[in-house]
Amino acid sequence: MDFLKTLGINENNFGAATGQQWLTTQDQGQFDISSPVDGKAIASVYQCSADDYQEVVKAAESAFKIWRKVPAPLRGEIVRQIGNKLRDFKQPLGELVAYEMGKSLQEGLGEVQEMIDICDFAVGLSRQLNGSTLHSERPKHRMYDQYHPLGIVGVISAFNFPVAVWSWNAMIAAICGNVTIWKPSEKTPLTAIACQNIIKDVLVENDVPEGVFSLVIGEGNVIGEGMLHDKRLPLMSVTGSTRVGRHAGTVVASRFGKSILELGGNNAIIVSQDADLNIAIPGIVFGAVGTAGQRCTTTRRVIIHESLYEQVKDILVKAYQGLRIGSPLNENNHVGPLIDTQAVSMFSQAIEKVQAEGGNLLCGGEVLTGPGYESGCYVKPAVVEAENSFHMVQEETFAPIVYLIKYSGNLDNAIAIQNDVVQGLSSAIFTNNLREAENFLSHWGSDCGIANVNIGTSGAEIGGAFGGEKETGGGRESGSDAWKAYMRRQTNTINYSSELPLAQGIKFDI
Ligand code: UN1
């Protein structure tokens, strides 16, 4: 486990930092973190206390006053250096992500690559925080809008992308002139501590004030809840289940804070009669079993045209039978463990429930035991024939269960099924038919934030805005103009005449 040492992870670690400084409270109890890979203890983390949290917010408030005055391209320079540090530590951080969270090493490295990519993106963006210049209705007046930083951005992230989601938020927030306080999932705090250690040298070498990048590790219903209610945090970016997000969104809105919500998905792939199965099948299998079905973008439903249904079903079942399940650190394996045994029981229960509703389990569904599976977190990904209206199909179960649904007639029927869920994150169609592809992407097509053609539902690039509609929460992170959500917009009108004409032609002579 050389990567632990390289990343500065000790047996006992502190749970709050303002940058390079760790706060050393030890009286709030510890999280003991064990790996879903082998069930072995990795390390412990002291929880952040209420006093620590106050100290972190204070540091963040003072840091903001300095950081907002640093020119955006110079803020970008700090982010560029952070990106380079992540390049240096890509291997060990990817290994820790894989070991603490349980995703495959390839995906762990891929997650760190997303962090590097967002740093590069943010560096470029630091020279492009542009508003528009507008024509005024009044003579010798100029009107424009500009974007100002907001202040402290609270980031609450989930276990499944334990580090990338922080970077999407923190790096964009940073070049926008904000400071961040990050509360990672209690299930994956070590990767967060590693990130803090990785960026430390950059902060020291550049005299970045304490409080620009802070970390608080504690229970969601204590520290997380406190952040949601805290008026000093004008923006909260929350990734998690729809249940968590509904609460978070309501609390933050009630104090007129802004939020970016990245919540559950119920992502579908449509396989039309014109699909190229050579790419559709791997797209479905990777989308459904990659990260053991624990991505927000995981393929949960496959909506297949009746003319191909039996064929697709047979090929999929065969492909599933060939899946190698085991340690994600072994590159030969396709599927690693679920995050913990609680997730395993949710998986088993979901399969039981969907069968009770009439679902037909075609393969998988077992919990694996024996050598290599000691953690109790390994399951066989399941394929189930189901109806879209089933209660379990309507819900997001964060595990590798894929539902096969048949459609007949034209694409409108498939799109209607695809949209007939409360979530709206990612969607895809496999077709070689231009008309079908364009209809799927049109405003009467997919109602999701992400809609792909001949690509699966997961694995979005950071250059696009990431997020979804309906109960997925409506937030957008990462690329395109998602940065605007991290800033406040100001409209400015300047009069360079010697008159004072009023807008709308109003006369007011005194
Ligand atoms: C998530 O599951 O929370 O599109 C994020 C993807 C990844 C990000 C997933 N780039 O699958």
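Colleague: Which residues have the most contacts inside the largest nonpolar core?

Modeller: They are Ala122, Ile172, Val302 and Tyr486, in a core of 148 residues, where a nonpolar core means a set of buried Ala, Val, Leu, Ile, Met, Phe, Trp, Tyr and Cys residues joined through C-beta atoms within 7 Å. A residue is buried if 20 or more other C-beta atoms lie within 10 Å of its own, exposed if 12 or fewer, and partly exposed in between, with C-beta atoms placed from the backbone. This is a predicted model, so local features need pLDDT of at least 70 and side-chain atom pairs count only at pLDDT 80 or more, while totals for chains, interfaces and linings use all residues. Residues are numbered from 1 along each chain as its sequence is written.

Colleague: And where does the core lie?

Modeller: Domain 1 (2-263 + 473-490) and domain 2 (267-465) both give residues to this core, so it lies between them; the domain bounds come from an automatic or database domain assignment.

Colleague: Changing topic, which residue does the "active site" annotation cover?

Modeller: The annotation, from an unreviewed UniProt entry, covers Glu262, though such annotations may be inferred rather than shown by experiment, and their positions are given in the numbering used here, with feature names shortened.

Colleague: Is Glu262 buried or exposed?

Modeller: Glutamate 262 counts as buried because it has 29 C-beta neighbours inside 10 Å.

Colleague: What does it touch?

Modeller: Leaving out residues up to four places away in sequence, glutamate 262 touches Thr239, Cys296, Gly467, Gly473, Gly475 and Glu477, contact meaning C-beta atoms, placed from the backbone, within 7 Å.

Colleague: Which residues surround the ligand?

Modeller: Among them are Thr239, Cys296 and Ala460.

Technical notes: Near = placed C-beta within 6 Å. Contact = placed C-beta atoms within 7 Å.
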